[in-house]
Amino acid sequence: MMHLRLIRAFISASAQEEAAYRANFYISLLHSLLNFATGLLGLGIIYGQVQTIQGWDYASALAVLGVYLTVSALRGLMMGPSLDALAGMDGEVWRGAFDFTLLRPVRTQFLVSVRKWRLFALFDLLLGLLVLGTAVTRLNHTLSLYHIAAFLLALAAGLLALYAILLAAASLVFWDPGLMVGWVFDSVFQMARYPVGLYPGWLRLVLTWIIPVGFITSIPAAALSEGLSWELLGVSLAFALVLAAGASWLFRAGLRRYASASS
Amino acid sequence: MNNAHIEVQNLSKTYRVPQRQSGLGAALRSLARREYTEVTAVSHLSFTIQPGEMVGFIGPNGAGKTTTLKMLAGLLHPTGGTAVIDGYIPWERQPDYLRRISMVLGNKSQMLWDIPPLDTFHVLGEIYGLDKTAWQQTVDELTAVLQMEDLLTKPVRNLSLGERMKCELVAALLHRPSVLFLDEPTLGLDVSMQRRLRQFIADTNRRTGATMILTSHYMADVAELCPRVILIHHGRLLYDGLLGQLSDQLAPFKLIRLTLDRDNGSADWRERLPEGTAVLNPDPANLTLRVPRRETSAITAYLLNTLPVVDLSVENPPLEAVIDQIYQEAAV
């Protein structure tokens, strides 16, 4: 209950911070529409020439794009802004303002994960859901309850994995405050807007299990377009949980390091 | 002492600091193999502070003041020693402990930059789980005392440094902490704002009974607020006691002020001064000499016997001069 009240307070403060800069609103709008348009255009160009690639037809690829836009929007809504505030030259750790975060009587990982919201991302979320909805209407089959449940669980696993990666990347700031692994990850994450099946075998493996950006979008999309086995769903959830536990451990190790190294 | 609010024993902190020579070659070498050196920031520091006490923590830059405060606030783990505050070990950072303390850092801000202070206070109220009525009461009370009601609705980035510091103080006191760490709270403020904030801090100490540790490079802050000071240098404790007695114990010299009889053989007074005496003011009507503390009585007697003295007084040097001397000499 206290956590929910806290999240509400953070959302309210973030909304006011966002409203302070009007120009940002228009830039964000442009960015969202460009992101949306380039994704659709890419798919349009590819599937204007072929019916399927490696078993992925237009509707399934559209589902991946829909998941990508939805996940990106959720990332931009809260995880991204909150965790990005730690790293970089103007980040909290570099400026020393992280001291105030540590002084709060609330679990630090919770605090650094939910304190900044970018409500404009709700517009991105709407676009993502629009693409996802369109993809669903173009599928060759009607969705069963299992399809939807598997999709939601796989999406939750994907989001958890994304959170874990972002948290782990942000934790590295405790080893080097200038380190911005998040930026490198952003570039790799762009690859997740297309089905991992489109990439060569070795890259597919890397993008599914090593830097699991494909895991984040392709598996939930597959749950809609072709269905997921219980086994793969179980493995996905377990994998996401392991990643989250690992990231949390890394964050705590980083905190201990901060506590013994900063001045 | 059993009822001490803050009890510190042999607290030590050593940092491992990367080190390299200047130049591009050294920079590239340090990418492959980084060399470290150990720096002792705090060494075997021990003291106790009673509930409600206001203690000044003084020392030159790099003496270890901020490091000590950060250890006591639970932000840093010590390398050795113990500290117990209100029954808690600070660096365990238990929520109950963190609810009892607060910290003001003169060179850092906890305010949300783009929105009015009132909104930061709202967020802090939720973080500390404050009841709405209690929160409102505290905000009203603090803003009235600090005369800052008109600042509450302006974005923080539009406020002056002094106005922002008022906001920092409210933010730090919202949850009514019983221990307050103030690290250079008057840094960069004009004398008038310094005086008003000092007054506010003194009132808060009296009103709430909170225990306070203050660090400041402005001796006026320390002299006005803290009956007791702890002086550290190179991380070691040099003095712990009343501010008024600091000069007595630490100044290695005293000042002798003399008025000489100009008509009666005082022209060659300079030649007749004993060894080890420094002339601070050469005007025979108000001659000021600095003499080694241990030889004060012998030199006074000698001066009375050899010079045509009309008036003589022995004084402790001004506090700033003593502190400056201690800072420069590195150790006493």
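This is a predicted model: local features need pLDDT of at least 70, side-chain atom pairs count only at pLDDT 80 or more; totals for chains, interfaces and linings use all residues.

Reader: At what angle do α8 and α11 of chain A pack?

Author: Helix α8 (residues 145–171) and helix α11 (residues 213–225) of chain A pack at about 180°, and their axes are 8 Å apart. Because of that angle, α8(A) is roughly antiparallel to α11(A).

Reader: Now for the two chains. How many residues of chain A are in contact with chain B?

Author: The contact involves 23 residues of chain A and 25 residues of chain B. On the chain A side, α1 (2–19), α5 (98–103) and α12 (230–261) each supply at least two residues. The largest share, eight residues, comes from α1(A). Sorted by class, the side of chain A that touches chain B has 14 nonpolar, five polar and four charged residues.

Reader: Let us move to sheets. What should I know before looking at one?

Author: Strands of a sheet pair through backbone hydrogen bonds, either parallel or antiparallel. For an antiparallel case, look at chain B, where four strands form an open sheet in the order β11-β12-β10-β13.

Reader: Which are the edge strands there?

Author: They are β11 (278–281) and β13 (309–315) of chain B, each of which pairs on one side only. From one strand to the next, the twist averages 30°. Strand β10 (residues 253–260) of chain B pairs with β13(B) in the antiparallel sense over six bridges. In this pairing, B:Leu260 stands opposite B:Val309 of β13(B).

Reader: Which helix packs on the sheet?

Author: Helix α10 (residues 296–306) of chain B does, touching β10, β12 (287–292) and β13 of chain B. The direction of α10(B) makes about 170° with that of β13(B).

Reader: And where can I find parallel pairing?

Author: Strand β3 (residues 54–58) of chain B pairs with β7(B) in the parallel sense over four bridges, and B:Met54 stands opposite B:Met212 in β7(B). Strand β6 (residues 179–183) of chain B also runs parallel to β7(B), joined by five bridges. There, B:Val179 stands opposite B:Thr211.

Reader: Why is β7 of chain B described as largely enclosed by the rest of the structure?

Author: Five of the five residues of β7 (residues 211–215) of chain B are buried, so the strand is largely enclosed. Follow the directions in which they point: B:Thr211, B:Ile213 and B:Thr215 go one way, while B:Met212 and B:Leu214 go the other way.

Reader: Is B:Glu224 exposed or partly exposed?

Author: B:Glu224, which lies in helix α8 (residues 219–225) of chain B, counts as partly exposed because it has 15 C-beta neighbours inside 10 Å. The cut-offs here are 20 or more for buried and 12 or fewer for exposed.

Reader: How is chain B divided into domains?

Author: Domain 1 covers 6–246 and domain 2 covers 252–315. Taken over C-alpha atoms, the centres of domain 1 and domain 2 of chain B are separated by 45 Å.

Definitions and conventions. Residues are numbered from 1 along each chain as its sequence is written. Chains are lettered from A and ligands numbered from 1 in the order in which they are written. Two residues are in contact if their C-beta atoms, placed from the backbone, lie within 7 Å. Ala, Val, Leu, Ile, Met, Phe, Trp, Tyr, Cys and Pro count as nonpolar, Asp, Glu, Lys and Arg as charged, and the others, Gly among them, as polar. Two strands pair if DSSP finds at least two bridges between them. Axes are lines fitted to C-alpha atoms, for helices over the stretch in contact, and angles run from 0 to 180 degrees between N-to-C directions. Angles under 35 degrees count as roughly parallel, over 145 as roughly antiparallel, 65 to 115 as roughly perpendicular and the rest as oblique. Domain bounds come from an automatic or database domain assignment.
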